[in-house]
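Please look through the structure below with this briefing beside you, which goes through surface, helices and charged pairs in turn.

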Amino acid sequence: MAISTSNLYGNIAISRKAIRSVAGIAALECYGVWGVGNKRVVRNAASEFRIKNGVRVWVGKNKVGIYIDLLLCFGVPIDAIITSVRNAIKYKVENFSGMEVLFVDIRVMGIRK
């Protein structure tokens, strides 16, 4: 099901898969993130399977919420990683979709060396 929004240029429909991919890739680009998804999934930057299983999208009227599961790197402060990931996802999804991101809910699934 596509997410619809409208702006000055007309109506826009964006798939949940596209928003999931943008959010997952934004998280992977942050320092201290080992992977997106659960512990059993192997890190691979272009893996749609991993991103699909680690990111969920909530949609309201012209608003989006993101739930994401992360594996973090050992030795980096968790609060710094979480702040960085939250800001990166919010910025990139808002610029991509033109919709407001209400929340980014992050669940740490584990820590890897």
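Phe 74 counts as exposed because its relative accessibility is 59%, where exposed means over 50% relative accessible area, buried means under 20%, and partly exposed lies in between (1.4 Å probe, protein chains only). The model is a predicted one, in which local features need pLDDT of at least 70 and side-chain atom pairs count only at pLDDT 80 or more, while totals for chains, interfaces and linings use all residues. Residues are numbered from 1 along each chain as its sequence is written, and side-chain values use heavy atoms, with hydrogens and water left out.

**Surface patch**

- Phe 74 sits in the loop between strand E5 (63–73) and helix H3 (78–97); helices (H or I, at least four residues) and strands (E, at least two) are DSSP runs, numbered from the N terminus.
- Together with Ile 78, Val 108 and Ile 111, Phe 74 makes a nonpolar surface patch of about 370 Å².
- Patches are made of residues with over 30% relative accessible area and no salt bridge, like charges being joined within 9 Å and nonpolar side chains (Val, Leu, Ile, Met, Phe, Trp, Tyr) within 5 Å; accessible areas come from the Shrake-Rupley method with a 1.4 Å probe, and for residues only the protein chains shown count as cover.

**Helix H1**

- Helix H1 (residues 16–28) has 13 residues, which at 1.5 Å a residue should span 18 Å, and this agrees with its end C-alpha atoms being 18 Å apart; the expected span is 1.5 Å times one less than the number of residues.
- Buried residues of H1 include Ile 19, Ala 23 and Leu 28.

**Salt bridges**

- The structure holds five salt bridges, each being a side-chain nitrogen of Lys or Arg within 4 Å of a carboxyl oxygen of Asp or Glu.
- Glu 29 and Lys 92 form one of them, with their closest N and O atoms 2.3 Å apart.
- This pair links distant parts of the chain, since Glu 29 is in the loop between H1 and strand E3 (33–36) and Lys 92 is in helix H3, 63 residues apart.
- Glu 29 is exposed because its relative accessible area is 52%, whereas Lys 92, at 32%, is partly exposed.
- Glu 94 and Lys 90 also meet through their side chains in a salt bridge (2.8 Å, N to O), and because they are four residues apart in helix H3, about one helical turn separates them.
- Salt bridges that share partners join Arg 56, Asp 69 and Arg 107 into one network.
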